[in-house]
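Reader: Could you take me through one part of this model closely? I would like to start at the ligand and then move on to some helix packing.

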Amino acid sequence: MIEQIRGLEDAYEAHAFNKFPIAIMRGKGSLVWDSEGKEYIDLMSGIGVALVGHCNDSVIEAVREQSGKLLTCHGSYYNDARAGFVERLVKAAPRGLGKALLTNTGTESVEAAIKLARRHTSRKKVVAMKGAFHGKTYGALSATWSKKYRDPFGPLLDGFGFAEYGDARSLESMVDGDTAAVIAEPVQGESGVVVPPEGYLKEVREICDRNGTLLILDEIQSGLGRTGKMWASEHWGVVPDIMTVSKGLGGGLPIGAALATDEVAGSLKGGEHTSTFAGNPLSCAAGSATLDYIAKNDLPSRAKEKGDVLKAGLSKVASAHRLVKEVRGLGLMLALQTRVDIHSMLLSAQAKGVITAYSGRDTFRFLPPLVIEDAQMARGLEVVDGVIGEAEAGRF
Ligand SMILES: Cc1ncc(COP(=O)(O)O)c(C=O)c1O
């Protein structure tokens, strides 16, 4: 069956993704099954999307109910599912972020954040971070560091610069009275789970305040409990002016938001930034079920407990293999960096029934569902340990 599915996608879908030769057909919790019925432990969860687990029962129930009522409702009309969702989202957000500008994806949430910042400050400059990843549409791409994503598509937006991530002095030298916003991930994801030094985010906040510059924190990957707190910025007690969120927010359905203070959100006039599908009832119903599930099951605390176990296990793997360079991360947002290309190791792990994400060529990235069971993490660790051992023994 894989051959047929693969044949059709390869023939008719534009080559946007580099794909593994597996067709995933079903999922439940932290498990997925492929077209041949093979089971996998999913330590990647669609790069952090299946945060409450694949096919979470509460999300399925909410989607089932909403799909029998209304699937689409333009934002120019009120809707009960949307009303319930924005109330929950704003109540779960850091204090002061009183308004949600709804979107459909991560990159759109960043677009919305950049537009809000420019609109509110009437300034053009944006300072992003080296190593940052914010998405692949033009605004978000202009704040994304990797040359691989940027260079084929220039010219990008004017006015964007990059400071050293984790170095407040570098940022200070780039921010002035013309800077609309500083944008940063509280923990960098795509570049390999980079946790900034203690005190850094607070200094970033202060630099923004001194210059009348807005602070945008991108919590698209790090938010919703993943790092052991509802928002990663809570680890350092920092509240942004604008915060982006997406990925796990819809329990698997596409939805995102730029959350902002009333004052910042209020600078936008009706009609200036809208989108046909933004705030659609189906994604909103799924989003409400997801937020309720996170709160009811205290997923941030579970991510901290489980993350500590997974990190300790990865550190043990690291100490057993000279190929491993470093283990890092917070909660269930973890990385294990090696000294070699890990592509063959990823394939070998898949053959043994474990799916992991990666960052660059040399780093395993772990973003499992926050509901992962201990035995599943233990098996995942065993397989990762095994494939690194195979690589060390020169078996690839
Ligand atoms: C921190 C961060 N921002 C933005 C994005 C872009 O999100 P999307 O792929 O939904 O456009 C991602 C995606 O990985 C991300 O990790």
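Of the 15 residues around the ligand, which come nearest?

Author: Happy to! This is a predicted model, so local features need pLDDT of at least 70 and side-chain atom pairs count only at pLDDT 80 or more, while totals for chains, interfaces and linings use all residues. Residues are numbered from 1 along each chain as its sequence is written.

Coming nearest to the ligand are G106, T107, G135, I220 and Q221, out of 15 residues around it (C-beta atom, placed from the backbone, within 6 Å). Helix α5, residues 106–121, gives the largest share of this shell, with 3 residues (helices are DSSP runs of H or I, at least four residues, numbered from the N terminus).

Now to α14, residues 374–392. Its axis comes within 10 Å of that of α12 (residues 299–320), and the two cross at roughly 20°. That makes α12 roughly parallel to α14 (under 35 degrees). Residues making this contact include V309, L310 and L314 of α12 and M377, L381 and I388 of α14 (C-beta atoms, placed from the backbone, within 7 Å). The contact divides into 9 nonpolar, 1 polar and 3 charged residues.

Helix α13 (residues 343–351) also packs with α14, at about 135° with the axes 9 Å apart, which makes α13 oblique to α14. Here S344, M345, S348 and A349 of α13 meet residues of α14 including V383, V387 and A391.

Definitions and conventions. Axes are lines fitted to C-alpha atoms, for helices over the stretch in contact, and angles run from 0 to 180 degrees between N-to-C directions. Angles under 35 degrees count as roughly parallel, over 145 as roughly antiparallel, 65 to 115 as roughly perpendicular and the rest as oblique. Two residues are in contact if their C-beta atoms, placed from the backbone, lie within 7 Å. Ala, Val, Leu, Ile, Met, Phe, Trp, Tyr, Cys and Pro count as nonpolar, Asp, Glu, Lys and Arg as charged, and the others, Gly among them, as polar.
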